[in-house]
Amino acid sequence: MRFANRDLFMLAPQPAPTPRLWTLQGFRNDEWRRADDAAALAGNSRVVLPLAVVASLDASERRMAKDRLGVLVQPGETIESLAAVLPDVALVALSFPAFSDGRSFSKAELLRSRYGFTGAIRAVGQVLVDQLPHMLRLGFDEFEVSDPVLVSRLERGETGGIPLYYQP
């Protein structure tokens, strides 16, 4: 079948929904903002910077900004490079660029068990409904959610999951 005006049947791309911040206390306003360079630390706001930028900061500069310094870690970045800056950050944002990339699950567990990180661990990116219970068990505290199914369930207070599991 041929269509006279093919463009009528093409759907315009929809903008991605704005992520909302969810914690076990429910949805809340996000006090953190993302930036790409250290100049964002000049103000008093809480800033999440890429790991390479945080690692390039002078250690004394990181310590002075500790309560308002967060680090964004991509799946391909090593936990060892993150470990070097952990004492100087209040939040670690672990990226999930695709639902099939689970490397950040391992990083969250290692941050809590091996490195004793007590600050906030945030999941950002493709956070889906069936991943949330596992993320909670691994030590994530905060979630940037945009998936409509997950948002809807969290608004109803449903975190999902199975109460029994075999893993320690």
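User: Which residue in E7 does Val 92 stand opposite?
Analyst: That's Ile 121. Keep in mind that this is a predicted model.

User: And what stands opposite Leu 94 in E7?
Analyst: Ala 123. Ala 123 also has a bridge partner in E8, namely Phe 143.

User: How many bridges join E6 to E7, and which way do they run?
Analyst: Six bridges, with strand E6 (residues 91-96) and strand E7 (residues 120-125) running parallel. E7 and strand E8 (residues 142-145) run parallel too, joined by two bridges.

User: Is E7 largely enclosed or open?
Analyst: Largely enclosed by the rest of the structure, because five of its six residues are buried, meaning under 20% relative accessible area.

User: How does the chain get from E6 to E7?
Analyst: Through H4, in a right-handed β-α-β crossover. Helix H5 (residues 132-138) sits in another right-handed β-α-β unit, made with E7 and E8.

User: Back to H4, what does that helix lie across?
Analyst: Helix H4 (residues 103-113) lies across strand E5 (69-73), E6 and E7, and runs at about 160° to E6.

User: Zooming out, what's the strand order in the sheet?
Analyst: E2-E1-E8-E7-E6-E5-E4-E3, eight strands in an open sheet with mixed pairing. The edges are strand E2 (26-28) and strand E3 (32-34), each pairing on one side only.

User: What's the average twist from one strand to the next?
Analyst: It averages 30°.

How values were computed:
Residues numbered from 1 in each chain as written. Predicted model: local features only at pLDDT ≥ 70, side-chain atom pairs only at ≥ 80, totals over all residues. Heavy atoms only, no water. Pairing = 2+ DSSP bridges. Helix = DSSP H or I, 4+ residues; strand = E, 2+ residues; numbered from the N terminus. Axes fitted to C-alpha atoms, helices over the stretch in contact; angles between N-to-C directions. Contact = heavy atoms within 4.5 Å. Buried < 20%, exposed > 50% of the residue type's maximum accessible area, 1.4 Å probe, protein only. Right-handed = clockwise from strand over helix to strand, strands pointing away.
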